[in-house]
Amino acid sequence: MATKMKTVFISKLKALLDALAEQMDLYVPKKAGEHYVYSRYDPASDRPAEFNNIRTCPTIKEFLFPLCELAAIFPEPLEPEEIKPFAVFGLKDCDLRSIEILDKVFLEEEFRDPFYQKRRENMFIISSDCFEPGENCFCSFVGGKPFAQDGFDLNISKMRDGFIVEAGSQKGEDFIEKHHHLFTEVPEALLAERNENRAKTQKQLNQNNAEFRLDKPIKEIVENSQDSEIFDLDAKGCVECQGCTRICPTCHCFYLYDTKQKDYFGKMKMWDSCMRTAYAAVAGGENPRKVLGDRIKHRLMHKFSYFLDRYGFDMCVGCGRCMDTCAGGLDTRVVLKKLNEELKDKKKAKVSK
Amino acid sequence: MNENPYQPINGEIIEIIDESSTIKTFVIAPEEKFKFVTGQFVELTLPGEGEAPFTPSSSPAQTKKIEITIMAAGRVTGLLHRCKKGQMVGIRGPYGKGYPVDDFVGREVYIVGGGVGLAPIRSLFLTLVDRIKDFKSVVCRFGAKTPNDFIYKKALLGPWQKIEGVDMKLTVDKADGSWDGNVGVVTTICDKSDVDVKGAVAVICGPPIMMKFATLKMIEFGFKPADIYLSMEKNMSCGIGKCGHCMIGKYYVCKDGPVFTYEQIKQYPNIWA
């Protein structure tokens, strides 16, 4: 078992963030309308940072795998540029698990993406506990929690009179060590209170999702629903905006796109979406998923079956951003619940025969 | 190996061979020696214009130049067809898994090919012929739309027919005055008596519809799905199992293929489209 990481207490968040910002570029959540977005930390501002009770609207993938980047140039080879160390504050457990998923894809042994790797190695992660799970949050369906489990350098739990700061890595330990004067010890009672807070949020999350509870593991449900018409019915609501894939913290489709610049040719790496009609089409004209319902099914299969077969866990963290953004009002939980009910009905029909 | 998997190595088109009205073979000299396993593919970049996946049609034994046979089918292939000798190109790869030729040793190899699908098959054929005594026999059943659409025509009608250990038959969908061979789709020249299915392997490459019917034919002959090798055409973009375009079920065609056994992929929807 790993040795217990340092856990300390700080009364003012600003002191911690100032210390971080001294060492690296720091990004913090800021309220924009009803959502939180990331912005560069400005210690001089009168409201330099807020504690986000819920995940931000943009995803952490934007820091690691930007919308568009130069991946190769011609004829001289391109090496990834040096990345300055940077820190992001306010990640939730769902965000941490989305990083774990992207790591599997981009840091895979055989072919590492050197651009992703550079950013990943230079990112300092400060996560925090959730307090207000959104109406679309369903992390508990896919092994998530409303508080960080692992994958952070520091985790912050908001308490009545301050914050519990917990290290989750050597980098985090070193930071606490270096800035020990900022912190005090955490009384046992406060840790107990943190557990109570966490349990309360967990309960709230479970209540929100009670109506969507499934009878079988999601993998089993989607794999047994290959012939279901529900995907095609759902497709009627979809307006093909691709928003679900863009806002998804785990979707990582991209395409390589060649461009002519003034004095070189560039190969760009740009986000793509499996919801796009011609996404899988080949030059000869064949398209295995020209029907929208098939694309919706493929996306769910990739998330809950194919990825799992390959890497051992779901490619969904239950953050609910796809539902927040869906212009057609589609809800992954509703789709899964419908498939669940359909399978139950099928089973019943079989038995009564 | 290149540290940046998106960075191609440079190459020059040193020869262009017209194969048919829509198909050309490009002979490319890469800046450095290029090794691959037959059936693996490369990503060919026309700088500033685009990139597309192709399986080389040359023998892997030839490392100083590679040949890529390309049908003008889309934007990038159309532009490639307009290129002249001396054009610089980029090559990434080789990627994926090729034909497991060593597993074919001592067995009959039954190859069904059609149209531009003969490109990967040419590479395999040359590889097999190099060590023809290792195989019980190599049976080839190739088809094209018309006699003019046959690529590698000279070799097909001449020297390849005469190789000992090779049994070759050709067919066209539609004949013209010059053709006195079989007329009909490729499965019309496939006969159960061609091959002792027990211990044999089938290799199929061609347009999707042909691959579908040839596969069904092989099943009818008694081939096990695990003994039918298919070279799958998908729109591989990154080539390294990340970008998602070429997925068939859980497989990335670029990494786990492009050569699959029918057994591996038969459970997934729309594999022939």
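Hi everyone, let me start with chain B, where buried residues make up 49% of the 273 residues. Please keep in mind that this is a predicted model. On overall size, a compact globule with 273 residues would have a radius of gyration near 19 Å, and chain B agrees with that because its value is 18 Å. If you like boxes, the C-alpha atoms of chain B fill one of roughly 50 × 45 × 35 Å along the principal axes.

How is chain B built? It has six helices and 15 strands. For contacts in chain B between residues at least 6 apart in sequence, 71% join residues at least 24 apart.

Now to a sheet in chain B. This is an open sheet of six strands, ordered 4-3-6-1-2-5, and the pairing is antiparallel. Strand 4 (50-54) and strand 5 (66-71) of chain B are the edges, each pairing on one side only. From one strand to the next, the twist averages 35 degrees. Inside that order, strand 1 (residues 9-18) and strand 2 (residues 23-30) of chain B run antiparallel to each other, with seven bridges between them. To pick out one bridge, E12(B) has A29(B) in strand 2 as its partner.

Next, the two chains together. Here 38 residues of chain A are in contact with 36 residues of chain B. Which element of chain A gives the largest share of the side that touches chain B? That is strand 10 of chain A, with six residues. By type, the residues on that side of chain A divide into 23 nonpolar, five polar and 10 charged.

Most residues other than glycine have a negative phi, and most peptide bonds are trans. Two cis bonds to show you: F74(A) and P75(A) are joined by one with omega about 5 degrees, and G93(B) and P94(B) by one with omega about 0 degrees. P75(A) sits in the loop between strand 4 and strand 5 (86-91) of chain A, whereas P94(B) is in strand 6 (residues 88-95) of chain B.

Then there are positive phi values. E240(A) has phi near 60 degrees and lies in the loop between helix 8 (230-235) and helix 9 (243-247) of chain A. Y152(B) has phi near 55 degrees, in the loop between strand 8 (137-144) and helix 3 (153-157) of chain B. Is Y152(B) buried or exposed? It counts as buried, because it has 20 C-beta neighbours inside 10 Å. E240(A), with 14 other C-beta atoms within 10 Å, is partly exposed.

Conventions. Residues are numbered from 1 along each chain as its sequence is written. Chains are lettered from A and ligands numbered from 1 in the order in which they are written. This is a predicted model: local features need pLDDT of at least 70, side-chain atom pairs count only at pLDDT 80 or more; totals for chains, interfaces and linings use all residues. Two strands pair if DSSP finds at least two bridges between them. Helices (H or I, at least four residues) and strands (E, at least two) are DSSP runs, numbered from the N terminus. Axes are lines fitted to C-alpha atoms, for helices over the stretch in contact, and angles run from 0 to 180 degrees between N-to-C directions. Two residues are in contact if their C-beta atoms, placed from the backbone, lie within 7 Å. Ala, Val, Leu, Ile, Met, Phe, Trp, Tyr, Cys and Pro count as nonpolar, Asp, Glu, Lys and Arg as charged, and the others, Gly among them, as polar. The radius of gyration is taken over C-alpha atoms; the globule rule is 2.2 Å times the number of residues to the power 0.38. A residue is buried if 20 or more other C-beta atoms lie within 10 Å of its own, exposed if 12 or fewer, and partly exposed in between; C-beta atoms are placed from the backbone.
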